[in-house]
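Dear colleague,

I am handing over the structure we spoke about, with a summary of what was found in it below. Please read the summary with the coordinates open beside it.

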Amino acid sequence: MAITSQHHSAARGDRQVAEKRAWTWYRLTEGLTPYLLVAPLLILIAIFIYWPLVYSMYLSFFDWNFVRPDKEFVGFGNFTRLPDDPRFIRALWGTLFYTVTLVPLQVFLPLGLALMLWPIRKSRLQDSYRAMLFSPTIIAYSVAAVMWLWIFNPNHGVLNKVLVEFGFDRVRWLSDRDTAIWAIVIVATWKTLGFHMLLYLAALEGVPKDYIEAAQLDGANNWQIMRSIRFPLITPTFFFVLVTTVISVNDDVFGAINVLTDGGPFDSTTNIIYYLYQQGFQFFQIGAASAVAVIVFVATCLLTWVQFKFVERHVHYG
Amino acid sequence: MASAVMPKPAASPTGVRRARGSTLALHVVIAVICVFTVFPFLWMFSTAFKPADEVFTQDLRLIANNPTWRNFPDAFDYFPVAHWLWNSFGIAVITTAGKIAISLPAAFAFARLRFRGDKLLFAMVLATMIVPGIVTVVPNYILISDLGWMNSWIAVIVPSLPATAFFVFLLRQNILQLPQDLLDAARIDGASTVKLLTQIVMPNIKPAIAVVTILAFLGMWNQYLWPLLVLNDFESKTLATGMQFFTNNAESAQMWGPMMATATIATLPPLLLYLLAQRQIIDTFVTSGLKG
């Protein structure tokens with residue numbers, strides 16, 4: 001009896017040990033699982049986003065051309081030499097120009113369009129309108145630019161054909177330094193019009209119907225409802241569009257500049273992003289390109305911070 | 001309380017007429033703007049089907065006198081358009097799958113699991129959204145070149161994978177909205193964390209996964225700067241980056257028919273995707289636009 005009972009308890013003990021071991025193993029793997037789930041993403045982010053940021057800062061202190069084995073340390077030389085480069089100054093002007101022209105065009109034009117589409121939202125044509133206005137958004141910027149390259153063609157482009165038809169002179173759209181940047185502004189406006197319009201329409205749809213009905217009961221007319229209820233309630237969207245446009249507009253036009261003008265004629269269509277690209281990949285000035293990268297990154301952080309502060313203070317979520 | 005029942009203001013006949021008039025005016029203005037936005041597409045299609053002699057005439061004709069398919073085989077003969085098309089598809093499909101494979105588990109962990117450092121790690125993922133792509137281009141180019149990956153799909157795919165912060169955010173929002181009971185019930189039945197993800201979470205957030213798939217595919221199909229830098233061989237290009245070769249030599253720069261045929265091929269997948277899932281895509285863009 002005693003022997004069998006001992007045997008029994010030993011068996012139970014073994015099972016307990018085994019169970020405990022399995023439990024520990026389970027706890028361990030379950031404890032590790034979250035890290036295993038996020039690891040692929042975080043490792044890739046570390047290698048291809050955070051490390052390049054640090055490495056850019058490092059490279060910005062050196063003179064290097066991709067090919068030479070040795071990098072020459074120049075301290076802040078790459079930064080202090082930038083203002084001496086007339087192309088850098090042109091790029092700053094271009095950046096300012098794109099911001100000043102495209103921000104209002106990309107923020108207010110779609111707003112006006114959304115406000116015009118809103119009263120006829122029940123129309124059978126509404127979906128077709130939206131589809132047509134939205135179509136430029138979903139194609140590649142570079143392909144869009146090729147379509148416009150053909151339209152702007154000085155000899156056979158449709159734009160000049162129309163001008164000639166109406167008795168005007170031909171315009172050398174992309175090879176004239178006065179018109180080239182406007183050509184890019186036109187393409188960039190066309191490209192984002194429908195997207196921003198949809199954001200505004202979605203915001204208008206989000207305005208609670210009770211508010212509108214209450215105002216109608218109080219005898220408010222359509223314009224008063226738009227001004228005092230709808231518009232204040234879509235201000236978060238308005239500021240969102242404003243913020244993202246300011247931050248990304250110079251980045252966005254890269255494909256258009258690259259295909260339509262390559263920054264020319266006479267650097268009249270370049271901007272800070274395009275300058276970085278040319279320094280790095282056309283002139284192989286890695287130090288200068290990295291210095292610009294650092295400047296662009298710091299400027300983006302500052303802009304984001306300022307806009308957050310501003311929006312926090314001035315936007316009321318309905 | 002009779003006073004609570006407000007009579008609706010009676011619309012006068014002139015008021016109705018004026019409202020109809022202004023509605024008509026809105027339709028006219030919007031229709032005109034629509035014509036301007038779709039015109040570049042129409043002109044591209046139109047040119048793609050015009051024979052060479054009609055491309056260079058002075059008259060404005062939307063539909064060719066003698067429409068032709070010739071421009072398509074001409075484009076494929078002159079440039080490796082078939083390779084570009086294959087590269088565009090391959091890179092877009094693999095990268096899309098890869099982005100989902102890394103962002104879905106991460107989104108699940110950030111939404112439903114507690115672990116040391118989870119908040120900090122999530123913040124590090126979200127912070128990547130404000131890093132402009134151009135800033136990381138030079139170091140990544142050096143890395144890819146040192147690895148000997150130039151001119152290969154992998155050179156485009158791998159560095160593009162981590163640009164998924166927004167997808168992680170979107171998926172996490174959707175996973176947070178699942179009822180806790182659903183997950184608890186599975187837990188009590190002894191499901192492991194991985195089972196929870198694959199058998200409970202994934203089937204329940206299919207619409208969000210569809211949205212991310214569409215966005216990721218479009219983003220990769222249209223990607224420009226990075227493939228422009230790392231795909232230098234003629235045949236390794238994608239459609240979005242290969243098209244510029246037409247403008248690079250004097251002969252092909254005048255081949256507007258084949259150029260527009262190639263542009264047509266490049267715009268068709270996004271446009272078809274749009275026609276197939278119009279509602280979904282619009283909702284997708286609206287949600288993605290409201291990420292702020």
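In chain B, the centres of domain 1 and domain 2, taken over C-alpha atoms, lie 34 Å apart. Please bear in mind throughout that this is a predicted model. The two domains of chain B span residues 13-68 for domain 1 and 80-289 for domain 2, and where they touch, seven residues of domain 1 of chain B are in contact with six residues of domain 2 of chain B. On the domain 1 side of that contact, helix H1 (13-48) and helix H2 (52-55) of chain B each supply at least two residues, and H1(B) gives the most, with four residues. By class, this side of domain 1 of chain B consists of five nonpolar residues, one polar residue and one charged residue.

Chain A has likewise been assigned a domain 1, covering 2-59, and a domain 2, covering 86-314. Here the C-alpha centres of domain 1 of chain A and domain 2 of chain A are separated by 49 Å, and four residues of domain 1 of chain A are in contact with six residues of domain 2 of chain A. The side of domain 1 of chain A that touches domain 2 of chain A divides into three nonpolar residues, one polar residue and no charged residues.

Turning to the contact between the chains, 75 residues of chain A are in contact with 74 residues of chain B. On the chain A side, the largest share, 18 residues, comes from helix H1 (residues 2-59) of chain A, and the whole of that side comprises 59 nonpolar, twelve polar and four charged residues.

The axes of helix H7 (residues 180-205) of chain A and helix H9 (residues 222-252) of chain A come within 10 Å and cross at roughly 155 degrees; because angles over 145 degrees count as roughly antiparallel, H7(A) is roughly antiparallel to H9(A). The crossing in which H7(A) passes H9(A) is right-handed. From H7(A), the residues making the contact are A:Ala188, A:His196, A:Leu199, A:Tyr200, A:Ala203 and A:Leu204, while H9(A) brings A:Arg230, A:Ile234, A:Thr237, A:Val241 and A:Asp252. Taken together, the residues in this contact of H7(A) with H9(A) are seven nonpolar, two polar and two charged.

With best regards

Note on methods. Residues numbered from 1 in each chain as written. Chains lettered and ligands numbered in written order. Predicted model: local features only at pLDDT ≥ 70, side-chain atom pairs only at ≥ 80, totals over all residues. Axes fitted to C-alpha atoms, helices over the stretch in contact; angles between N-to-C directions. Parallel < 35°, antiparallel > 145°, perpendicular 65-115°, else oblique. Left-handed = near helix turned anticlockwise from the far one by under 90°. Contact = placed C-beta atoms within 7 Å. Nonpolar A, V, L, I, M, F, W, Y, C, P; charged D, E, K, R; others polar. Domains from an automatic or database assignment.
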